Amino acid sequence: MVSVRKSHQVVSVNFQHWLADQTLPESKQQALELAWHHVGEYYQQQEKHLLKAMEMVEILSSLNLDKDSLVAAFLIPLLDASLISKDFVDEHCNKEVVILCQGVEKMAAIKGLQPSANSSSAPSAKLSSNKVDNIRRMLLAMVDDVRAVVIKLAERLCDLREQKNTDEENRVLAAKESVNIYAPLANRLGIGQLKWELEDISFRYLHPQVYKKIAKLLDETRLEREHYMDNFVADLNHQLKDLHINGSVDGRPKHIYSIWKKMQQKSLDFEQLFDVRAVRIVVEKVQDCYSALGIVHTQWHHLAKEFSDYVATPKPNGYQSIHTVVLGPEGKSIEIQIRTEQMHDDAELGVAAHWRYKEGTPGGKNSGKANSFDEKISWLRKILQWQDDVSESGELLDELRSQVFEDRIYVFTPSGDVIDLPMGATPLDFAYYIHSNVGHCCIGAKVFGKIVPFTYRLKTGDQVDILTSKQANPSRDWLNPNLNYIYSSRARAKVQHFFKIQDRDKHLAQGKDLLDAELAKLDYFSVSQSQLKEAAVRFNVKTIDDLYAAIGSGNARLQQIINYFKQLDDKLKPAIDIDPQSLVRESQSSKALVSDNNGITVSGVGNLLTHMAKCCSPVPGDAIAGFITQGRGISVHRQDCEQLANALAQQGERFVEVQWGLDDHQGYQVSAQIIASDRQGLFRDISTIIANEKVSIVGIESHSDNAKQTMSMIIKMEVNSSDLLTRVIDKVRQLDDVIDVKRL
């Protein structure tokens, strides 16, 4: 059976007595005493939380974790119960403890990996975007400091023990979560002590009858087995000493969950198991492992099918040991594990063993820092492998792999910080993620110390170092999608913004020249500064210079601005007395030019059937032309429509002049495409702008690209003029994260 640590059941506990019983190094004792000094009054009010804190410290101290980890674990119950705040921890603890507490908090996202009691665990169930983001942050915290994971596992083990006093439903839910999520994580990190206890307690809650049956079978043969094993161990110890092999031999406890799992996998009865009797040999050197194996196989007959050499070929989680099954005295099978002391520590403590350097072991802190990057790479691989274990359990949504792992990569800065990027990202994406100026000044990149091209596709685990110059000098080639310099929309938007600002002076001069030249053609030399300011406000820019720059860059249409000045000029013209008789004559002569239902007047022909071309969707204010179709009347296009140009190239005689009528309340359908970085609330912001302009939305089509984290939206609206449409497009274009807006 699994060896279960003592659990505090006393009503009251003396912290000082408890701490003295722990036989911790002086540095750890002092750190815990200081923490007690700050939070003792809170724990004295809530002793149940103190008992949990003590239990977590006991678990972690048995794993040899450093003093900062013990202090963080000691504070976690108070943080969970909101008895102290994050600010309290910031004020009274060092930076390491603060980071660890934050990491444990992020680990709460692990709940997102387990369906709730009322939800379906079918593959079609979707992980929400919030859960996906939380899980990504959790993964980064796990890779950045694996101690947070170990603290979380210890906390989970304490919670699981406490579930024995709750109702069956809560016990079952907690057990499923532990056996499906936490136990595989402990296994991947190689922490055998926690893995076996999580599995055994969960098994007891999930299958109480089977657990009791196996426990009873083990107990019934315990005395006989112990006597048999004592004799076997003594004999084996004697033989090792004869060959001068320094080591220890002892019987090891067999975990009930592993017994049941082997019975299930191999369809065996309890009596058919080979490893109910188990022995572990721990020696000093690797060569001693094989010397001890030679003694065992020489003395007793071994079962070839049950032999595994995990020393030569370690398990994915780093576990190393030689496993063999022999037929001992009386023909009884005995499983024997042979390993070195280092292998034994790694098997029991896993990644927790790597933090011993914090406590002043040989090599000190510097040697620990030198190896920290390699350790993080190793942990990252183990954590990414963990998702395979969880997926195989059948309880995790398939979305986890597709949304969290397969579309993301995790790379490192030279200092060891973890950066989360989309799959397909390049060194330039990495540089712009760090900072805009780093991207602008980037002149090269190294991966693991070797120069790589800008088109290099980063992979999970890469260490990236960006080479920079003093001056910002991005290339316009970076924006060419065919050259594959940049993958993410975030980086591309930053490059576009750089050139937009850089080209402002050029666009300003070009825009001013274009506007002055067009006004000169129309004899509009008297446009005042106030009119220019009104035009700037009308076209959603702040200053006159911004208006010129918008014209020069093409963000504002010159013809629309000219039409606006015409309207201003018409308003300023004095009213002219009109001869009533001439008004009657003009009215009579214009009867043939009455607008149709689409608000269109056909020059010189009269009221004919017209329809708006869907290829360009003209609206009042656009320059338009007509094309006589066969059987469908006149098709009205924008004059710059490509389909109209193609049609007239073949049948130019079908051209007809058309004009907009006098009805400015007619509604016309038009579509606009919006490309933006995907974020929450984006559609709400867009729809608010449209609603404020009193424009009706007729239809919406949207598509998200999870890999690039962008979305494309086509909105069909009903407007009564091109000016209104331009105003809506300009305002949407100014929203955060909007990359491009164009009329279709």
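Helix H14 spans residues 286-299, and its 14 residues reach 21 Å from the first C-alpha to the last. That is close to the 20 Å expected at 1.5 Å a residue. The model is predicted, so please read what follows with that in mind.

**Helix H14**
- Which residues of H14 are buried? They are Asp288, Cys289, Ala292, Leu293, Ile295 and Val296.
- As a reminder, an α-helix has 3.6 residues a turn, so residues three or four places apart point the same way.

**The protein as a whole**
- The protein has 28 helices and 21 strands.
- Of its 744 residues, 47% are buried.
- Taking contacts between residues at least 6 apart in sequence, 69% join residues at least 24 apart.

**The sheet S19-S20-S18-S21**
- Here 4 strands make up an open sheet, ordered S19-S20-S18-S21, with antiparallel pairing.
- Which strands are at the edges? They are S19 (696-705) and S21 (738-743), each of which pairs on one side only.
- From one strand to the next, the twist averages 15°.
- Strand S18 (residues 668-677) runs antiparallel to S21, and 5 bridges join the two.
- Ile674 stands opposite Val741, a residue of S21.
- In general, strands of a sheet pair through backbone hydrogen bonds, either parallel or antiparallel.

**The helix across the sheet**
- Helix H27 (residues 682-692) lies across S18, S19, S20 and S21.
- How is H27 angled to strand S20 (710-719)? The helix runs at about 20° to S20.

**Cysteines**
- How many disulfides does a search of the whole structure find? The search finds 0.
- Cys93 is in no disulfide, and the nearest cysteine sulfur, that of Cys101, is 6.6 Å away.
- Cys615 counts as partly exposed, because its relative accessibility is 31%, and the partly exposed class lies between under 20% (buried) and over 50% (exposed).

Conventions. Residues numbered from 1 in each chain as written. Predicted model: local features only at pLDDT ≥ 70, side-chain atom pairs only at ≥ 80, totals over all residues. Heavy atoms only, no water. Disulfide = S-S within 2.5 Å. Buried < 20%, exposed > 50% of the residue type's maximum accessible area, 1.4 Å probe, protein only. Expected span 1.5 Å × (residues − 1). Pairing = 2+ DSSP bridges. Axes fitted to C-alpha atoms, helices over the stretch in contact; angles between N-to-C directions. Contact = heavy atoms within 4.5 Å.
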